[in-house]
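I opened this entry to look up the annotated sites and then the contact between chains. My notes follow in the order of the look-ups.

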Amino acid sequence: MLSRLPAAALKSQSVLGASRSTASAFRTRATSQVRFASSSSATLESLLTSRASLISVTLFSAGSIAWYTHLYGSLPFVGEVHANSLADDGLHPTAYPWPHKGLFDTFDHASIRRGFQVYREVCAACHSLDRIAWRNLVGVSHTADEARALAEDVEYTDGPDDKGEMFQRPGKLSDYLPPPYANEEAARAGNGGALPPDLSLIIKARHGGADYVFSLLTGYMDPPAGVEIREDMSYNPYFPGGAISMARVLWDNLVEYEDGTPATSSQMAKDIVTFLNWAAEPEHDERKKMGIKAVILFSALFAISIQVKRFKWTVLKNRKIFYNPPKDLKH
Amino acid sequence: MALANAFYNTFVKRNSVFVTSIFAGAFAFSVGFDVAVNNFWDRWNQGKQWKDIRAKYIQEDADS
């Protein structure tokens, strides 16, 4: 962009600066360039009216405003009033260095496997996971045999059979994970009126995603002085409003990991969040790999297309146009 | 120039050869490109993917 500014814009600026800076320089210039006595005011004029200065000043102002807004989250010089306090929005979650955070990073599948164990042993008591079937675990965190065994531990109602009756049967790979409550009303009744949301897409459904859920699970604390929390609720600064109907569920050594990882509450929170993140984005690993391929291929194609364009245009760009003024025709 | 002529004479002169080499070239490139990206991917994510930890959980004659 800047390289497109007419060179005169830059030159006139430096001339102006020089004439201000030293009087002696001005004097020598004045003697040698008397002919251009009016040039100083002309440069000033062009500096104030030229298109280049208009563009640079506009860019500078827009840039400062954008920078300010990015830094402080609101426009400068525009007053704002809020009826709610910051606590009503919940504390901003910390950005954690997830193993799958980078552009090239897959999920940590050992962590997904541990997270599924935490889900099954802890969260599944209250939260459903509607969109995940046993078969989805195969090739992600469990072998087909393991997933089949897990499914068979659950009884599903199937039918009707040829007498028109429903019957119970052990689960199959194609069954979905069983919900803890028969319906929403039962779930509310079991949790003091609050509905434990389905966790299949919870990472996508909350601002802050994985960071938020991790902060929520590890963020329980005593309410600060002056904050009243109802009997059956808990205080969690990350939850909007601060009062949450889910009590703290993760305590050290609540589960026993088969791979020997120490089950601290933050380790379990990390694992369950990784698992839930996989549940919300099962295509994640493949998507990132395809992304790399697409970026490589499309940038190569783009470079080629630029090259081809330059090649095709060389004829036009290199031609010379001569202007032959018309002969005086004397008409 | 000699190279360009050789290229023209071997690949471009006959349309049948031209089209065939484009198809074969596309096939070879896509295989090679996938292998290269997958190698990088697996090295970058070593130990994290299911295929890296699968051996710990597989029993004899299991099918996944």
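I began with the UniProt record, an unreviewed entry, which lists C123(A), C126(A), H127(A) and M246(A) under "binding site". They span 124 residues in sequence, yet no two of their C-alpha atoms are more than 10.8 Å apart, so they gather at one spot. I then checked the largest pocket and found C123(A), C126(A), H127(A) and M246(A) in its lining. I noted the terms: on a 1 Å grid over the protein atoms alone, a pocket is an open set of points where a 1.4 Å probe fits, with protein on both sides within 12 Å along at least five of seven lines, and lining residues have an atom within 4 Å of a point. UniProt positions follow the numbering used here, feature names are shortened, and annotations may be inferred rather than shown by experiment.

I noted the ground rules: this is a predicted model, where local features need pLDDT of at least 70, side-chain atom pairs need pLDDT 80 or more, and totals for chains, interfaces and linings use all residues. Residues are numbered from 1 along each chain as its sequence is written, chains are lettered from A and ligands numbered from 1 in the order written, and side-chain values use heavy atoms, without hydrogens and water.

I placed C123(A) in the loop between α5 and α6 (134-137) of chain A. Helices are DSSP runs (H or I, at least four residues), as are strands (E, at least two), numbered from the N terminus.

Next, the interface. I found 27 residues of chain A and 19 residues of chain B in contact (heavy atoms within 4.5 Å). About 2,000 Å² is buried between chain A and chain B, 65% of it from carbon and sulfur atoms (accessible area lost on being put together, 1.4 Å probe, summed over both parts). In chain A, F104(A), K289(A) and K293(A) lose the most area to chain B, together 25% of what that side buries.

Which charged pairs cross? I counted 2 salt bridges across this interface (side-chain nitrogen of Lys or Arg within 4 Å of a carboxyl oxygen of Asp or Glu). K293(A) meets D34(B) at 3.2 Å, N to O. K48(B) pairs with D105(A), the closest N and O atoms being 3.9 Å apart. K48(B) sits in the loop between α2 (15-44) and α3 (50-53) of chain B, and D105(A) in the loop between α4 (51-72) and α5 of chain A.

How values were computed. Buried area is the accessible area (1.4 Å probe) that two parts lose on being put together, summed over both.
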